[in-house]
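Please keep the sequence and the model in view while reading.

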Amino acid sequence: MYGPDPTIIHPLQGFPQVCFIKNTVSNPNIIIGDYTYYDDPEDSQNFERNVLYHYPFIGDKLIIGKFCAIATGVQFIMNGANHKLSGFSTFPFFVFGNGWEDSAPQPGELPYKGDTVVGNDVWIGYQALIMPSVKIGNGAIISSRAVVTSDVPPYSIVGGNPAKVLKQRFTDETILALEKLAWWDWPIEKITRSLHAITSANIDALSAE
């Protein structure tokens with residue numbers, strides 16, 4: 001047997017708190033990798049409620065890689081939260097209509113920073129907040145209640161508000177090797193055979209797989 005079936009919703013029998021969220025999202029602009037799970041005792045299948053201000057007419061995407069662990073209450077703020085900044089007022093008069101719709105921003109006037117991208121094997125802690133267009137590198141760890149406003153380097157640990165790098169998990173040489181190996185893209189049979197190397201800190205053993 002080669003691990004749990006990635007097409008099921010709840011990988012732990014009798015434990016609906018955890019679900020593989022790739023199988024629960026319906027929004028085509030939310031792209032989730034295999035085995036990435038969301039842990040929430042209230043409603044783990046409703047991960048999309050945590051992706052805020054994600055309006056289809058804007059077109060930005062939330063992309064999350066494989067084998068990520070996402071804790072309860074993690075939220076992603078998308079570009080739809082932005083207001084026009086170039087005028088004297090940031091109030092969105094146009095959304096209320098009744099003669100105010102003529103003040104609607106023109107194309108390009110609303111801040112747009114692009115897609116939000118989370119790499120592979122990322123652990124995002126309890127109630128962390130990820131702001132629009134942030135890029136989180138492979139193997140990163142986001143501390144509980146961190147507010148991530150800028151890109152996160154691979155295999156770093158960040159925390160705080162705004163989140164700052166607290167430490168680098170491994171040496172530069174090891175991180176480069178891990179990025180090159182990209183074990184998360186291996187066939188699941190090979191991942192299963194290599195679990196001891198993947199869960200160790202021995203880059204030579206992993207490279208030998």
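A residue counts as buried when its relative accessible area is under 20%. The model is predicted. With a relative accessible area of 1%, Thr 116 is therefore classed as buried.

**Thr 116 and its surroundings**
- Thr 116 belongs to strand 8.
- Leaving aside residues up to four places away in sequence, Thr 116 touches Lys 61, Leu 62, Ile 63, Phe 76, Met 78, Ile 130, Met 131, Pro 132, Ser 133 and Val 134.

- Four strands, in the order 2-5-8-11, make up an open sheet with parallel pairing.
- Strand 2 (30–32) and strand 11 (135–136) stand at the edges; each has a single partner strand, so one side of each is left without a neighbour in the sheet.
- Strand 5 (residues 62–64) runs parallel to strand 8, and three bridges join the two.
- Ile 63 has Val 117 in strand 8 as its bridge partner.

- Four bridges pair strand 14 (residues 156–159) with strand 15 (residues 164–168) in the antiparallel sense.

**The nonpolar surface patch**
- Phe 91, Phe 93, Val 95, Phe 96 and Trp 100 form a nonpolar surface patch of about 510 Å².
- Val 95, one of the patch residues, is found in the loop between strand 7 (75–77) and strand 8 (116–118).

Methods: Residues numbered from 1 in each chain as written. Predicted model: local features only at pLDDT ≥ 70, side-chain atom pairs only at ≥ 80, totals over all residues. Heavy atoms only, no water. Patch = residues over 30% accessible without salt bridge, like charges linked within 9 Å, V, L, I, M, F, W, Y side chains within 5 Å. Areas by Shrake-Rupley, 256 points an atom, 1.4 Å probe, with all protein chains shown as cover. Salt bridge = Lys/Arg side-chain N within 4 Å of Asp/Glu carboxyl O. Buried < 20%, exposed > 50% of the residue type's maximum accessible area, 1.4 Å probe, protein only. Contact = heavy atoms within 4.5 Å. Pairing = 2+ DSSP bridges.
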